[in-house]
Amino acid sequence: VTCSGEWVTGLHLFGLGLEGTVSPQLGSLPHLEYLNLSSNALSGTIPTQLWDLINLQYLDLSHNHLSGYIDAKIGKLINLKELVLGYNVLTGSLCPEMGYLAQLTKMDLSSNFLVGSIPSQAGNLS
């Protein structure tokens, strides 16, 4: 856990064998900039409350068992630089709102069941 003053700014909880679902209460950490829950055994859907974390710059939920689709509210994460959701069981289309992620430099959605193309406006991806 990383803090700045009284605010939680980072959660580094990768590879800890965490089980269950991603807590919607994470959305009540308005100063969170870094969230890594990768390489655990988390399941269920990505809570829509995560898309309210407008200061988030790094999000890694890869290598879990997350299902469902990527909500259009992801477009609210305008400061996001890295989005890593690979190796889950996410389904559906990539929403046009992903084009609002203009700061993105890295996006990994591999090994899911997503369809469609990445909006051309989405960051500086190569």
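**A friendly note on this predicted model**

1. Let us begin with one residue. Tyrosine 58 is buried, because its relative accessible area of 16% falls under the 20% limit used for that word. Please keep in mind while reading that the model is predicted.

2. Which residue pairs with tyrosine 58 through its ring? The partner is tyrosine 34: the ring centres are 4.4 Å apart and the planes lie at 5°, so the pair counts as stacked. Tyrosine 34 counts as partly exposed because its relative accessibility is 25%.

3. Strand E4 covers residues 34-36 and strand E6 covers residues 58-60; they pair in the parallel sense, over three bridges. Within this pairing, leucine 35 stands opposite leucine 59 in E6.

4. Now for the sheet around them. E4 and E6 belong to an open sheet of six strands, in the order E1-E2-E4-E6-E8-E10. The pairing in this sheet is mixed. Its edges are strand E1 (2-4) and strand E10 (106-108), each of which pairs on one side only. From one strand to the next, the twist averages 15°.

5. You will find threonine 9 in strand E2, which spans residues 7-12. Is threonine 9 buried or exposed? Threonine 9 is buried, with a relative accessible area of 13%. Leaving out residues up to four places away in sequence, threonine 9 touches Thr2, Cys3 and Ser4, as well as His31, Leu32, Glu33 and Tyr34. Tyr34 in that list is the tyrosine of the stacked pair.

6. There is a further sheet to look at. Five strands make up an open sheet in the order E3-E5-E7-E9-E11, with parallel pairing. Strand E3 (19-21) and strand E11 (113-115) are the edge strands, and each pairs on one side only. Here the twist averages 15° from one strand to the next.

7. Two pairings show how this sheet is joined. E3 and E5 run parallel and are connected by three bridges; glutamate 19 has alanine 41 in E5 as its bridge partner. Strand E5 (residues 41-45) is also joined to strand E7 (residues 65-68), again in parallel and by three bridges.

8. Isoleucine 74 is in contact with Trp51, Leu83, Cys95, Met98 and Leu101, leaving aside its neighbours within four places in sequence.

9. On to the charged side chains. Side chains of opposite charge can pair when their charged atoms come close. How many salt bridges does a search of the whole structure find? The search finds one. The side chains of lysine 76 and aspartate 52 meet in it, at 2.4 Å from N to O. Lysine 76 lies in the loop between E7 and strand E8 (82-84), and aspartate 52 in the loop between E5 and E6, so the pair ties together parts that are 24 residues apart in sequence.

10. Lysine 73 is found in the loop between E7 and E8, and it counts as partly exposed at 41% relative accessibility. The C-alpha atoms of lysine 73 and aspartate 52 are separated by 7.9 Å, while the two residues are 21 residues apart along the chain.

Terms used:
Residues numbered from 1 in each chain as written. Predicted model: local features only at pLDDT ≥ 70, side-chain atom pairs only at ≥ 80, totals over all residues. Heavy atoms only, no water. Pairing = 2+ DSSP bridges. Helix = DSSP H or I, 4+ residues; strand = E, 2+ residues; numbered from the N terminus. Axes fitted to C-alpha atoms, helices over the stretch in contact; angles between N-to-C directions. Contact = heavy atoms within 4.5 Å. Salt bridge = Lys/Arg side-chain N within 4 Å of Asp/Glu carboxyl O. Phe/Tyr/Trp six-rings, centres within 6.5 Å; stacked < 30°, edge-to-face > 60°. Buried < 20%, exposed > 50% of the residue type's maximum accessible area, 1.4 Å probe, protein only.
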